Amino acid sequence: MEKCVETARRVGVFKEFHVLADRPVEGCMCYDACQCDKEAGLFKLHYLKAGMTKLSFDYFIWVDADSLFMRNPSQVLEALGRSPLHVPLEVPLSGIQEDVSWRGVSIFKLRDAFRREGVANRAYLSESAFWIIHHDAIDHVYELALGFWHRARGTGLPVDISHSIGYAMQVLCGNPEAHLLSARPDLWASEGVGRPRSSAERADTWEWRHPLAQRGIAVRPAIIHVGGTLPCASRVRPFGESNSTGSNSHPGKLE
């Protein structure tokens, strides 16, 4: 988290950072991390419910610790539009023509689960590394996301926090297209395919592409999530097909 805050201060971000941590983090308001289940990233929801509801702010912005600030983001809250929650939506599930496993979850089964659970508009994949929420929506978002997680898991679908928070956003939002990553290419992006390696490349405009998409978009994000390794997508084999040959990276084809 120190690196994230350091880059934010360097580019002129002087808002308060509230961090749940097991040790002090310079430049942040720190709180003892609660001992909650870290499975599937749900600690983000638990921390939101347990800690952020007690703070007297109208809005909260979640930024994963392994993020970098390239510049001071402008008009951040405009990303919400009329929604109480903003999660950047990355790739439409309806455009994937062949079932693939993404983060261990069948894309077709996830799409069906979203529809079954009330996502009426076109459904999208998203991350959980950056999102904005109104204080008054915390309890409702918590219940929606956690409820989806439990019901999906009950059917054997191993969803995680990204699927769950993305579900909550798409249920609450009447116009998901306004929350596409491409609608605010100046705000946030994960590194994606063909990710820039150097600080100079990250600071300039570059082409972001989701691993499940065939086309990229030009972005120049103020915040970049640089953590971890990109997941690979593997084809979901029909029942009875041999798995002995292993599975190669095989992204689904988009419209």
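In this predicted model, helix α2, spanning residues 43–50, packs against helix α4, spanning residues 138–154, with the two axes 10 Å apart and at an angle of about 155°. That angle makes α2 roughly antiparallel to α4, since anything over 145 degrees falls in that class. As for handedness, the α2 and α4 crossing is left-handed. On the α2 side, the contact is made by L45, H46, L48 and K49; α4 brings in I138, D139, Y142, A145 and L146. Sorted by class, the contact between α2 and α4 comes to 6 nonpolar residues, 1 polar residue and 2 charged ones.

The structure holds 8 aromatic pairs, and two of them are picked out here. One is F57 with F60: the ring centres sit 6.1 Å apart and the planes meet at 75°, so this pair is edge-to-face, the cut-off for that label being over 60 degrees. The two partners differ in how much surface they show. F57 has a relative accessible area of 31% and is therefore partly exposed, whereas F60, at 9%, is buried; the line for buried is drawn at under 20%.

The other pair is F148 with Y167. Here the ring centres are 4.4 Å apart and the planes lie at 15°, so the pair counts as stacked, planes under 30 degrees apart being the requirement. F148 belongs to helix α4 and Y167 to helix α5 (residues 161–172), which means that the pair ties together parts that are 19 residues apart in sequence.

Zooming out to the chain as a whole, the secondary structure comes to 6 helices and 15 strands. As for how the chain touches itself, take the contacts with a separation of 6 or more: residues 24 or more positions apart account for 70% of them.

Terms used: Residues numbered from 1 in each chain as written. Predicted model: local features only at pLDDT ≥ 70, side-chain atom pairs only at ≥ 80, totals over all residues. Heavy atoms only, no water. Axes fitted to C-alpha atoms, helices over the stretch in contact; angles between N-to-C directions. Helix = DSSP H or I, 4+ residues; strand = E, 2+ residues; numbered from the N terminus. Parallel < 35°, antiparallel > 145°, perpendicular 65-115°, else oblique. Left-handed = near helix turned anticlockwise from the far one by under 90°. Contact = heavy atoms within 4.5 Å. Nonpolar A, V, L, I, M, F, W, Y, C, P; charged D, E, K, R; others polar. Phe/Tyr/Trp six-rings, centres within 6.5 Å; stacked < 30°, edge-to-face > 60°. Buried < 20%, exposed > 50% of the residue type's maximum accessible area, 1.4 Å probe, protein only.
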